[in-house]
Amino acid sequence: MNRAARRALVRAVPAAALLMVVTACTSDSSGATPVSASSSPASSERPETSTSAAPRASTDRNTAMAIRVTIDGRPVDATLNDSPAAHDFADLLPLTLDLEDFHQTERIAYLPRRLTTSGAPDPAVPRVGDLAYYAPWGNLALYYRDGESASADLLILGHLDADADRLGTAGRITIEAAS
């Protein structure tokens, strides 16, 4: 094979492979479009996997498993999502935890045991009111400021309907299964 033919082949093979991948990805007959999402721990001290901060579908946060939450003696509306980690968390309830500030973004407390991380949803940027689990440390995080980046180690468990000021000063949280 001469040099010119070899060059043409070297250029054509990757182009053909790319064309096949693009064609395969765009000819999904299910009609479902995957949602690209992001998530983040609030600290550069934690290992993180950064991705673009694409918006997340609301169903990632609100597949409604109602819970009762009391922050410093005052009730707030809250839900857990339908993830395996959220179900595992629900098995720990009732819980009363003392919270401490972390990185001026979240209030954290350590759980009595680690939660499952199997079947975790795609990483997502935590938002004000999100209840999350940071797997490497085994802690619960309650966000009173939006997170900065995505992390596969941070699993959003649910959401509390409370304002940032109330969440940012929370000292004690009680979480119970809804009756």
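Analyst: **A loop and the strand beside it**

S149 is found in the loop between β7 and β8. The model is a predicted one. S149 counts as buried, because its relative accessibility is 13% and the cut-off for buried is under 20%. V125 is 24 residues away from S149 along the chain, yet the two C-alpha atoms are separated by 5.9 Å.

Now take β8, at one end of that loop. The strand covers residues 154–161. It is mostly covered, with 7 of its 8 residues buried. Two pairings involve β8. With β6, the pairing is antiparallel and spans 5 bridges. Here Y133 stands opposite L155 of β8. With β2, the sense is again antiparallel, over 4 bridges. In this pairing, L80 has G158 of β8 as its bridge partner.

Next, the packing. The largest nonpolar core holds 32 residues. V69, I71, F89, L111, L157, L160 and I173 touch the most other members. Several elements give two or more residues to this core: β1, β2, α2, β3, β6, β7, β8 and β9. β1 (65–71) gives the most, with 4 residues.

Neighbours within four places in sequence are set aside here. L160 then contacts V69, I71, V76, D77, A78, G129, L131, L142, L167 and I173. A separate core of 9 residues lies apart from the largest one. Its members include F102, Y143, L154 and I156.

F102 leads on to the aromatic rings. Ring centres must lie within 6.5 Å to pair. By that rule, the model has 2 aromatic pairs. In one of them, the ring centres of F102 and W137 are 5.3 Å apart and the planes stand at 85 degrees, so this pair is edge-to-face. F102 belongs to strand β4 (residues 100–102), while W137 is in the loop between β6 (130–134) and β7 (139–143), so the pair ties together parts 35 residues apart in sequence. F102 counts as buried, at 12% relative accessibility. W137 is partly exposed, with a relative accessible area of 30%.

The other pair joins Y134 and W137: their centres are 5.2 Å apart and their planes at 80 degrees, so it too is edge-to-face. Y134 counts as buried, with 0% relative accessibility. Together, F102, Y134 and W137 make one aromatic cluster.

Last, confidence. The average pLDDT over the chain is 76, and 65% of the residues score at least 70. Residues 5–10 fall below 50 in pLDDT. Beyond near neighbours in sequence, that stretch has 3 contacts in the model. Residues 13–62 also stay under 50. For them the model has 89 contacts beyond four places in sequence. Low pLDDT means that the predicted coordinates should not be read in detail.

To recap: S149 is a buried residue in the β7–β8 loop. β8 pairs antiparallel with β6 and also with β2.

Note on methods:
Residues are numbered from 1 along each chain as its sequence is written. This is a predicted model: local features need pLDDT of at least 70, side-chain atom pairs count only at pLDDT 80 or more; totals for chains, interfaces and linings use all residues. Side-chain values use heavy atoms; hydrogens and water are left out. Rings of Phe, Tyr and Trp (its six-membered ring) pair if their centres lie within 6.5 Å; planes under 30 degrees apart count as stacked, over 60 as edge-to-face and the rest as tilted. Buried means under 20% relative accessible area, exposed over 50%, partly exposed in between (1.4 Å probe, protein chains only). A nonpolar core is a set of buried Ala, Val, Leu, Ile, Met, Phe, Trp, Tyr and Cys residues joined through side-chain atoms within 4.5 Å. Contact means heavy atoms within 4.5 Å. pLDDT is the predictor's confidence in each residue, from 0 to 100. Two strands pair if DSSP finds at least two bridges between them.
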